[in-house]
2 protein chains.
Amino acid sequence: MAEVLKVSSDSKPKAVAGALAAVLREHGRAELQAIGAGAVNQAVKAIAITRGFVAPNGIDLIAIPAFTKVEIDGEERTAIRFLVQAR
Amino acid sequence: MAEVLKVSSDSKPKAVAGALAAVLREHGRAELQAIGAGAVNQAVKAIAITRGFVAPNGIDLIAIPAFTKVEIDGEERTAIRFLVQAR
């Protein structure tokens, strides 16, 4: 299974992009999980930045967003998961 | 060129998804443009919903996010563009 990187609204997109590129190099795919608009925005920026990191290796990175349910402090929340992989 | 659908933080993801599916049916690809975290979040939700709309037609929809500059009221803003197409 792909590794899941949790992104928050405080996450630095460039730092997430570095982590994402590392997971992609090892596993060929990765997942980002974000809860809330601020976190989703940082995740999207990270994916755009990562595209630039891996493009020189001939990798055309794509994202597949999906809804998922997660439990946080006993409460069910809707999160966005991005499956990130080479096209 | 693909049609560009502008998404705002007030956009209803399901309505955007309907418009997106219509553009995809006609052109095979589409672009969403969003400025700000709220708008990006609605755009991502719309893409996830649209995946469900087109999946029964055997289409595995993917998104490619990219930064772009747009001018609004004479000010330069950074927007996110999502290229949306079948894999």
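These legends describe close-up views of a predicted model.

**View 1. Helix 2 of chain A packs against helix 2 of chain B.**
Each of these helices spans residues 37-54. Two packed helices are described by the angle between their axes and the distance between the axes. Here the angle is about 80°, and the axes lie 8 Å apart. Angles of 65 to 115 degrees count as roughly perpendicular, so helix 2 of chain A and helix 2 of chain B are roughly perpendicular to each other. Chain A contributes Ala37(A), Gly38(A), Val40(A), Asn41(A) and Val44(A) to the contact. Chain B contributes Ala37(B), Gly38(B), Val40(B), Asn41(B) and Val44(B).

**View 2. Phe82(B) sits in the largest nonpolar core.**
This core has 42 residues. Leu32(A), Phe82(A), Leu32(B) and Phe82(B) touch the most other members. Beyond its neighbours within four places in sequence, Phe82(B) contacts Val44(A) from chain A. Its contacts in chain B include Leu32(B), Val40(B), Val44(B), Ile47(B) and Pro65(B). A second, separate core has 6 residues, among them Ile62(A), Ile62(B), Ile64(B) and Leu83(B).

**View 3. Gln85(B) joins Arg87(A) through a polar contact.**
Gln85(B) belongs to strand 4 of chain B, residues 75-86. Buried means under 20% relative accessible area. At 11% relative accessibility, Gln85(B) therefore counts as buried. The side chains of Gln85(B) and Arg87(A) are linked by a polar contact of 2.8 Å. Leaving out residues up to four places away in sequence, Gln85(B) also touches chain B residues including Leu24(B), Gly28(B), Arg29(B) and Asp60(B). Leu61(B), Ile62(B) and Ile64(B) are touched by Gln85(B) as well.

How values were computed
Residues numbered from 1 in each chain as written. Chains lettered and ligands numbered in written order. Predicted model: local features only at pLDDT ≥ 70, side-chain atom pairs only at ≥ 80, totals over all residues. Heavy atoms only, no water. Axes fitted to C-alpha atoms, helices over the stretch in contact; angles between N-to-C directions. Helix = DSSP H or I, 4+ residues; strand = E, 2+ residues; numbered from the N terminus. Parallel < 35°, antiparallel > 145°, perpendicular 65-115°, else oblique. Contact = heavy atoms within 4.5 Å. Core = buried A, V, L, I, M, F, W, Y, C linked by side-chain atoms within 4.5 Å. Buried < 20%, exposed > 50% of the residue type's maximum accessible area, 1.4 Å probe, protein only. Polar contact = N/O pair within 3.5 Å; in protein donor to acceptor, adjacent residues only side chain to side chain.
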